Amino acid sequence: MTYEEALTYLEDTSSFGIKPGLDRIRALLQALGNPERDYKIIHVTGTNGKGSVTTYISYALFTSGLRVGRFTSPHLESYQISKDAFGNLIDCVRQGVDKIIADGVEPPTQFEILTAAAFLFFKEQGVDYAVVEAGLGGLLDSTNVVTPVVSVI
């Protein structure tokens, strides 16, 4: 899948809107081999300051010599990987989406797809830590499927 095809695919998934629940993201991550279990996660939640805290923690870990992934929502200007890697990544996640839909799970939201893509990318890159910022927050935020080593509120 090209970068442009990936963007079109994601745009098409935005019609699914916001749907509370963790069943879709759990099913999708399972279809992808639960990549979020292959590295340590620091989960950042709260009302204000999540982006700054996520940046500070990521930088501290990086300067300590660790491989670090960072997931923020929404992405600020662009996806921080190459266009080719992004296209390949979204194509892989799309295959997982197709599988869970065929198994009777309702289609995941765009944010759930991007969350799963980030978790898969972090695994592929062999990160030591992923610093994950919650999206809309709350109990049913799709990032709440992680088992963090540290939670920051």
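Setting aside neighbours within four places in sequence, Y129 is in contact with K40, I42, L61, L66, R67, V68, G69 and V149. Contact here means heavy atoms within 4.5 Å. This is a predicted model, where local features need pLDDT of at least 70 and side-chain atom pairs count only at pLDDT 80 or more, while totals for chains, interfaces and linings use all residues. Residues are numbered from 1 along each chain as its sequence is written, and side-chain values use heavy atoms, with hydrogens and water left out.

**Around Y129**

Y129 sits in strand β3, residues 129-133. Its relative accessibility is 18%, so Y129 counts as buried. Buried means under 20% relative accessible area, exposed means over 50%, and partly exposed lies in between (1.4 Å probe, protein chains only). K40 is 89 residues away along the chain, but the C-alpha atoms of Y129 and K40 are separated by 4.7 Å.

L61 also touches Y129. L61 belongs to helix α3, residues 50-63. It is buried, with a relative accessible area of 13%. Beyond four places in sequence, the contacts of L61 are I42, L66, V68, Y129 and V131.

**The whole chain**

Which elements make up the protein chain? There are five helices and four strands. Helices (H or I, at least four residues) and strands (E, at least two) are DSSP runs, numbered from the N terminus. In order from that end, the elements run α-α-β-α-β-α-α-β-β. The radius of gyration of the protein chain is 15 Å, close to the 15 Å that the globule rule gives for 153 residues, so the chain is as compact as a globular protein of that length. That radius is taken over C-alpha atoms, and the rule is 2.2 Å times the number of residues to the power 0.38.

The C-alpha trace spans about 40 × 35 × 25 Å along its principal axes. Of the 153 residues, 42% are buried. Take the contacts with a separation of 6 or more: residues 24 or more positions apart account for 85% of them.

Now the surface. The protein chain exposes about 8300 Å², and carbon and sulfur atoms supply 52% of that area. Accessible areas come from the Shrake-Rupley method with a 1.4 Å probe; for residues, only the protein chains shown count as cover.

The chain has 12 positive and 18 negative charges, and their mean positions are 6 Å apart. Lys and Arg count as positive, Asp and Glu as negative; His and the chain ends are not counted. Each charge is placed at NZ of Lys, CZ of Arg, CG of Asp or CD of Glu.

**Aromatic rings**

How many aromatic pairs does the structure hold? It holds four. Rings of Phe, Tyr and Trp (its six-membered ring) pair if their centres lie within 6.5 Å; planes under 30 degrees apart count as stacked, over 60 as edge-to-face and the rest as tilted. The rings of Y39 and F122 have centres 6.0 Å apart and planes at 85°, so this pair is edge-to-face. Y39 lies in the loop between α2 (23-31) and β1 (40-44), and F122 lies in helix α5 (residues 110-125), so the pair ties together parts 83 residues apart in sequence. Both residues, Y39 and F122, are buried. Ring pairs also link F71, F111 and F119 into a cluster.

T115 is found in helix α5. Is T115 buried or exposed? It is buried, with a relative accessible area of 0%. Leaving out neighbours within four places, T115 is in contact with I25, F71, S142 and T143.

L89 is in helix α4. At 6% relative accessibility, L89 is buried. With neighbours within four places left out, L89 is in contact with I81, A117, L120, F121 and E124.

**Two loop residues**

N34 lies in the loop between α2 and β1. Its phi is near 50°, a positive value in a residue other than glycine. Most residues other than glycine have a negative phi. N34 is buried, at 14% relative accessible area.

P107 is in the loop between α4 (83-102) and α5. It counts as partly exposed, at 24% relative accessibility.

**Separations in sequence and space**

| Pair | Apart in sequence | C-alpha to C-alpha |
|---|---|---|
| L61 and Y129 | 68 residues | 7.9 Å |
| P107 and R24 | 83 residues | 7.2 Å |
| L89 and V150 | 61 residues | 27 Å |
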